[in-house]
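Subject: Structure handover

Hi,

Here is the structure I promised. Please open it alongside this note, and my findings follow below.

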Amino acid sequence: MLFWYESFSSGVIPNDLKSQFITPIYKKGDRTDPANYRPVSLTSHVMKTFERVVRKHLVAYLEDGGLINKNQHGFRKKRSCMTQLLSHIEQIYKSLNNDDEVDVIYLDFAKAFDKVDHLVLLAKLEHYGIKGKAFQWIKEFLCNRKQTVVVEGQKSSFQTVLSGVPQGTVLGPILFVLYINDLLSTINFSDGFSFADDTKLIGAIKGLPCVELLQEDLNSVIEWSRNNNMELHEQKFEVVSYALNTSKTLRELPFYPANVEYRTPKGHKIAPQDTVRDLGVHVSGHRQWGPHIERTVQGARKMAAWTLSAFKDRSPTVMLTLYKSMVRPKLEYCCPVWNPTKVTEIQKLENVQRSFTNKISGCRELHYWERLKKLKLMSLQRRRERYCVIHVWKILQEEAPNDVGFTFKMHQRHGLKAEIPAVSKSAQLSVRSDYDSTFRVRAAQLFNLLPPELRSLTTLGSFKAGLGRFLEQYPDTPPVPGYTPQNDNSLLSWGRTHTMQLSRA
């Protein structure tokens with residue numbers, strides 16, 4: 001401890017603790033092309049110990065002072081890819097409900113973490129009030145670092161690192177967030193969302209003047225990147241348009257694309273896309289989750305096939321451990337964002353779990369619903385609704401950001417309930433229908449289904465335990481081919497059935 005006290009007081013870090021060992025990890029494409037490898041940096045574990053101390057105080061200072069942009073969701077407590085996507089989707093539907101169309105421009109930074117200019121970063125640290133010994137120590141942490149590439153046990157000569165935040169460190173991510181923090185403040189018309197360097201601009205389009213304003217914001221972001229010595233892959237920019245039915249005919253006219261297209265200052269036309277991959281989730285301008293669900297099922301099936309071929313043991317303990325750690329996470333990534341309501345999509349997802357559990361010893365002769373009971377598994381559909389309810393509770397308890405605009409109200413008879421948002425009666429019918437299936441609406445309905453005493457719990461452990469007991473009251477009979485469920489198995493449907501039975505009694 002005395003060593004680190006002296007290091008922080010003097011602003012000196014031994015060079016050995018700043019050395020980085022780079023291991024190239026193959027991604028895809030030609031194996032002889034260095035660009036197809038991801039550099040993974042290994043740094044000193046001793047150094048990381050003190051970095052955690054510095055980061056804790058640095059983050060507390062930044063968060064308490066409200067210095068980080070609220071739309072930056074990367075490397076921040078209580079924020080994640082899911083919270084950013086939920087906010088993004090809600091923003092889209094707010095505009096559509098106002099009869100505004102939406103254009104979303106996706107940007108692409110080239111090796112953003114490696115392009116950070118140390119002098120610019122240090123100037124920004126001082127701007128945010130980080131001075132004195134803390135500033136000197138972080139400056140020493142950044143500068144005069146050495147790195148070597150290790151391949152099959154052979155090392156290259158050590159070279160001085162001239163730019164970039166040191167990857168593989170504890171402080172690196174938060175320093176990058178500070179570097180890019182003022183990017184979103186350059187836009188005036190649109191809303192910007194970032195997860196580290198993954199940035200997108202979203203604008204409500206009422207007409208051609210709004211297209212021009214969104215173009216101006218795009219130009220401002222590109223100008224920011226130049227001023228901050230960051231490189232953008234302008235050829236990889238993408239734009240997704242969320243159109244209303246009333247304008248689809250207009251958009252098909254020959255002259256329309258020339259008036260609404262977006263270009264970079266270098267003249268690159270941004271290619272419009274029907275579907276893009278946004279933080280691992282495929283979002284579609286048609287407001288459908290089918291493309292994402294199809295890719296999710298394909299990825300999970302591949303992982304299941306690999307798992308079953310690599311491991312021969314079919315005992316329940318081994319199989320369930322493999323399934324829960326290797327396959328199911330692929331089926332549930334950010335699932336509150338895209339939680340499907342169509343029976344066909346629910347079946348596609350459920351069939352992956354159904355097929356895998358059929359391979360478990362002693363389960364082949366049981367139908368899917370019986371297997372779920374024997375293995376003490378929830379259906380994927382039930383688990384998705386459970387995740388939605390838990391996230392609403394986290395928003396209520398300020399354990400997650402309320403970027404989707406939840407409001408809660410205390411009722412004399414029913415206790416604390418989430419308000420169901422009103423949808424504009426003038427909104428397009430398909431928009432209203434799609435919005436009723438979004439997280440903002442369905443998650444509020446699911447949360448309100450809980451008993452008042454359960455909704456009022458204030459600790460996550462007790463809430464999850466109470467939620468588990470509550471879910472046990474309802475049958476878990478998801479729709480799968482060959483079985484006829486009593487309803488679509490949603491908790492909302494079971495709740496309505498239970499209410500009807502009480503009223504008849």
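A salt bridge here is a side-chain nitrogen of Lys or Arg within 4 Å of a carboxyl oxygen of Asp or Glu. The structure holds 13 of them. Bear in mind that this is a predicted model.

Start with Lys-206 and Asp-100. Their side chains meet in a salt bridge at 2.7 Å, N to O. Lys-206 sits in the loop between β8 and α7, and Asp-100 in the loop between α3 and β3, so the bridge ties together parts 106 residues apart in sequence. Lys-206 is exposed at 63% relative accessibility. Asp-100 is buried at 8%.

Next, Lys-200 and Asp-278. This salt bridge spans 2.5 Å, N to O. It links strand β8, which holds Lys-200, to strand β11, which holds Asp-278, 78 residues apart. Lys-200 is buried, with a relative accessible area of 2%. Asp-278 is buried too, at 4%.

There is also a network: salt bridges link Glu-261, Arg-263 and Lys-269.

Now look at Arg-76. It lies in the loop between α2 and α3. Beyond its neighbours within four places in sequence, Arg-76 contacts residues including Glu-63 and Ile-68.

Last, the surface. Ile-25, Val-40 and Leu-42 make a nonpolar patch of about 230 Å². Val-40 belongs to strand β2. It is partly exposed, with a relative accessible area of 32%.

Best wishes

Terms used:
Residues are numbered from 1 along each chain as its sequence is written. This is a predicted model: local features need pLDDT of at least 70, side-chain atom pairs count only at pLDDT 80 or more; totals for chains, interfaces and linings use all residues. Side-chain values use heavy atoms; hydrogens and water are left out. Patches are made of residues with over 30% relative accessible area and no salt bridge: like charges are joined within 9 Å, nonpolar side chains (Val, Leu, Ile, Met, Phe, Trp, Tyr) within 5 Å. Accessible areas come from the Shrake-Rupley method with a 1.4 Å probe; for residues, only the protein chains shown count as cover. Helices (H or I, at least four residues) and strands (E, at least two) are DSSP runs, numbered from the N terminus. Buried means under 20% relative accessible area, exposed over 50%, partly exposed in between (1.4 Å probe, protein chains only). Contact means heavy atoms within 4.5 Å.
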